[in-house]
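Let's take a walk through this protein together. Please have the viewer ready, and we will go from one local spot to the next before stepping back.

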Amino acid sequence: LDLPKGGDRMVDAISLLSSDEEEEESVLPLAQRLKARGVGDGPSTMTAALVNLTDSSPMLQDEAVPERKQQLLKAAASEPLQALSPGGARAQPRAAQGEASAVLRKERAPARGKDKQTELTSGAERAAPTQQQRQAYLAARRACVKARRFNLRSVSSGTISTSRTIKPMAAWAGLWPALREFMQNTIDHLALLGADGRLNSALEMTTTPVAGGGVEVRFTCGATEVCAIRAAGDELVIEQAFTFPMHPRALDTGVSDRTKGGEATAGGFGDGFKTAAISLLSQPALGAHIEWWFEAEGACFHWQFVGAPRAAVGTFRASQVLEVHVSATLLGEPQPGCRAAGATAADGAEPPPPAEHRMLQLVRAKGIGAAFSREAMPRLQVFWHLSDAGVLSCRKGGSLLADAAAQPPVRGSTRAPEPGLYVRGIWVRKPLIEGTLMCFDGKSAVDVTGRDRNDVDVDEAAEATLKLLHNCTQRELLRALCQPLRGGNGAGGREKGSWLLRSPRFSNRLLEAEPAFFVQSVLGVPQGAVFVSKRTTESKEPFVAWASSYLAARDAPLLPLEAGAHKALFKEASEAELEALCVKHLLHDEKDAPPPAAVAARAALASRVLKFVGATKLKLHFSERLSVAFVHGSHIFVPGAQPLSRALLVRLLGVMHRRLGGYDERFTHLQQALFEQLPPDGAEVSGAQLDAVLKRAEGVQKEAKAFERAAATGSGGAGGSGAGGKDTAATDKASGGGGSSSGAKRPRVEAPQEGGGDGSRSSGKRRAGESGGARGGAVCGRAELERQIGALSRGGGGEEILPSSAFAAEASGDARECLRPASTLHKTAVPASLGGGHIFCDAASTEALRGGTLSAARQATLRRLREALEQSKRVVAAALPSLRATLASVVHAGFDASNDGYLGFCTNTAIVVNLHPLMGRRPEGDGKALTHELLMTVAHEVAHLCERGGDHGPGWRSTYDEILKAVYCDAVSGAPGAFAQAAVCTCCAPVS
């Protein structure tokens, strides 16, 4: 402070006030500290010094000091100023303030009691503050003052430029943005908002209507008045205690305040209040005027926010810059406010003088009084008085969710709390859930984004909302609000029935982020429960129908799926989910009650089959509780009452083969052994019969290996009638296509090597530019086989002559081909004695077939062989209907009397099955074997047709196996297929 000469006593007083020697004493009222230090206490000390200072100090006579301020200072020694509040005189000179304060309080006390329009935010709805809470609050405020202290003598009068240009800002238009900043500083500095997001539990708030439709709000801590706000007409006055003067450094652009950014506050004094001042001054229609006063320790500091003109320079336009005129004087008489800020009165004791650390904010702008009641109070949580009913809040922290329409009006305003998203007690933007109060504070608070502090990150808000819902204490209310998600009556209007679900876009974000929390923790659905509708419980699909009844009888968590249930949370149980739940209970039942001896014996026999094919990872279960077989994961469940017949074993082989996910020739060998050794009558398989089947499967395996070795050494593969040995080609077909490349180790096919299916060279000539059996791997399942069948584009046997070169087209130079010597075949029409139609035959046999010169016995044999071939084609077509047209147009009967070394071959346009090697067989006595052998031949050649190649690599082997599996499954399924209708062949008749 610039003091006049001769003011020795004032110099002593100010030096004492600015001393840090006794910090605890510094929080005492000014008069008590002066008296304790022996400084004069007469009425003339402060007044005379103030008058001398006004008259002689060049600082106060400067033109920059407002004329109104000089008048106030000169009038301080002559007559007291009147208060802005209706309570009477605001304050007296310090010499007589003890007596004046006592009179003032006596006048105010009855007036407040009689004013029926005054509302107290306390009573039964809110517990009154305890003495301990009040003491803690006041101690915290004194500590805040102490932390902000600095040497007041370092402040001098002058004009400070903030370097901020005054210009309109779209996001700061109107009065609300400025009110938000001014109120934020007051609320945070005085901790008016508690940790629970409501009025501090140590404070009480009263609102009193004032003339002109305004309102006066007071915050008190017991007998200590902490803050008062008076808004009426075009004027807003904010008076607060426990506020140490701000250093002018706060006016620097970008100044850093270490109290900003904490969890409990939205920020300390920084750039916000300067931006608020600029927003008001940039709107000429408001006629804004802003002044601040700080009073502390015998000194007064006055700030006036004004716009200073700047002339145009170069390309820079003329503008106004925000400046603050600062004047520092001795405190003669407190600046009039709206109440006695900080005055404390103990029962029966003389009240001390007003608090020394006091701040007064005066803001004049058109309509600001009404805007405070209409816009600020509904958007600041400190003014609310929420009803606990219908509010979701945490035990700790100030975050809460509530329906705005269900809350009582704000005290002192006719409006209810404004729906919106609030951060640390302040409205930021419209709510993400329509019509709600979304308030975030403490550790759940989100950060305000955007330059204008008017938005938040939606992802952060969603995370904070989920955290609030996790920690809220009103679990029953939360469950009731989420109940419409279950569906049922009224589910279609869930947004109207629950305020928490009004905005589906945001609520769906929450539900999809943590569905288990809402389903199990909120709605109380047991973990592991599945939902089924009538479509499941009344399903005609055997497994689904059995699973529904079984789980219901087991009291499993099988819950009804109501109409209108939220699709992200409640989904119809899939068959896999039903399987998993059934498996869980079946395994539990099996552990508690082992199956009977007969059922256990079936399981033991079936396990031997699994062991033979290497499916040791699969587990087979026979259960009397089952009425339908199913597979889940590595578990295969079979009804315990079903006999272990040939049909069941074939089905099990197909299931196991699919589960293993690759080709294994042992399945083919075992399938052949099953059909050769077991009867088709559906009888129970005994242990001895199964031993015979496994022994025969080993024999088939050895035959396949012998064929491979013979083909590899070139020692002859035909061995037909001309060689006097066994029909090797026929054996190849009967053993499942003896061109197997598996070897002794029976390798499982996974990915073929480049250039060949299993390490061998690929065919040298391809069909239609394709790569044959080495085109990328084995067929994976029925779907891939159907795709191959659909891609067939055969001509349908339009050639009249098949030259011997057609056989050479199959050659690949690989010893593993089924290439045999063949003649040129001619399409020859035959008489009815041979079955009619046509046969592809060699030149030497043409006349004999066309003219019917064969003996009657040979004609009958050839006719029956052709019928057996047609029957085998019908069997394959019944199993694979998509092949029916191809089989009818491409597969032909052949008669190559010059070459008995092959049973069939495949070209690009035809499949010919050579019947001449079978003429020595007796169809009437050996019909079963002949039909089966021809079926294997047709499957063999169709696999070549699908693979577009002549080699026997993994691609061909997998395709061939898929065709056989389809045939076998159809044979034992009982469906009305070719086997069921067959009259000639009874070997594969459906079992009952």
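Ala 683 sits in the loop that links helix 21 (665-677) and helix 22 (687-713); helices here (H or I, at least four residues) and strands (E, at least two) are DSSP runs, numbered from the N terminus. With a relative accessibility of 37%, Ala 683 is partly exposed. On this scale buried means under 20% relative accessible area, exposed means over 50%, and partly exposed lies in between, with a 1.4 Å probe and protein chains only. If we set aside neighbours within four places in sequence, Ala 683 is in contact (heavy atoms within 4.5 Å) with Leu 644 and Ser 645. Ser 645 is 38 residues away from Ala 683 in sequence, yet their C-alpha atoms are 5.6 Å apart.

A word on what you are looking at: this is a predicted model, in which local features need pLDDT of at least 70 and side-chain atom pairs count only at pLDDT 80 or more, while totals for chains, interfaces and linings use all residues. Residues are numbered from 1 along each chain as its sequence is written, and side-chain values use heavy atoms, with hydrogens and water left out.

Now turn to an open sheet of three strands, which has mixed pairing and the order 20-22-21. Two strands pair if DSSP finds at least two bridges between them. Strand 20 (619-623) and strand 21 (630-632) are the edge strands; each has a single partner strand, so one side of each is left without a neighbour in the sheet. From one strand to the next, the twist averages 20°; axes are lines fitted to C-alpha atoms, for helices over the stretch in contact, and angles run from 0 to 180 degrees between N-to-C directions. Strand 21 and strand 22 run antiparallel and are joined by three bridges. Across strand 20, strand 21 and strand 22 lies helix 18 (residues 575-592), running at about 95° to strand 21.

Is His 635 buried or exposed? Its relative accessible area is 15%, so His 635 counts as buried. Its side chain makes a polar contact with the side chain of His 621 at 2.9 Å. A polar contact is a pair of N or O atoms within 3.5 Å; within protein, one must be able to donate a hydrogen and the other to accept it, and residues adjacent in sequence count only if both atoms are side-chain atoms. Beyond four places in sequence, His 635 is in contact with Val 583, Leu 587, Lys 619, His 621 and Phe 630.

Next comes helix 19 (residues 597-612), whose 16 residues should span 22 Å at 1.5 Å a residue; the end C-alpha atoms are 23 Å apart, which agrees. The expected span is 1.5 Å times one less than the number of residues. Among the buried residues of helix 19 are Val 599, Arg 602, Leu 605 and Val 609. An α-helix has 3.6 residues a turn, so residues three or four places apart point the same way. Just after helix 19, Gly 614 has a positive phi of about 80°.

Another open sheet has five strands in the order 11-12-15-13-14, and its pairing is mixed. At the edges stand strand 11 (391-393) and strand 14 (426-429), each with a single partner strand, so one side of each has no neighbour in the sheet. Strand 12 (residues 400-403) and strand 15 (residues 436-440) run antiparallel, joined by four bridges. Here Asp 403 has Thr 436 as its bridge partner in strand 15.

What about the cysteines? A disulfide is a pair of cysteine sulfur atoms within 2.5 Å, and by this rule the count comes to zero disulfides. Cys 394 shows why: the closest cysteine sulfur, in Cys 472, is 7.0 Å from its own sulfur, too far for a bond. Cys 394 is buried, at 12% relative accessible area.

Ala 943, in helix 29 (residues 927-947), is buried with a relative accessible area of 0%. Not counting residues up to four places away in sequence, Ala 943 touches Trp 956, Thr 959, Tyr 960 and Ile 963.

Stepping back, the protein has 31 helices and 28 strands, and 53% of its 992 residues count as buried.
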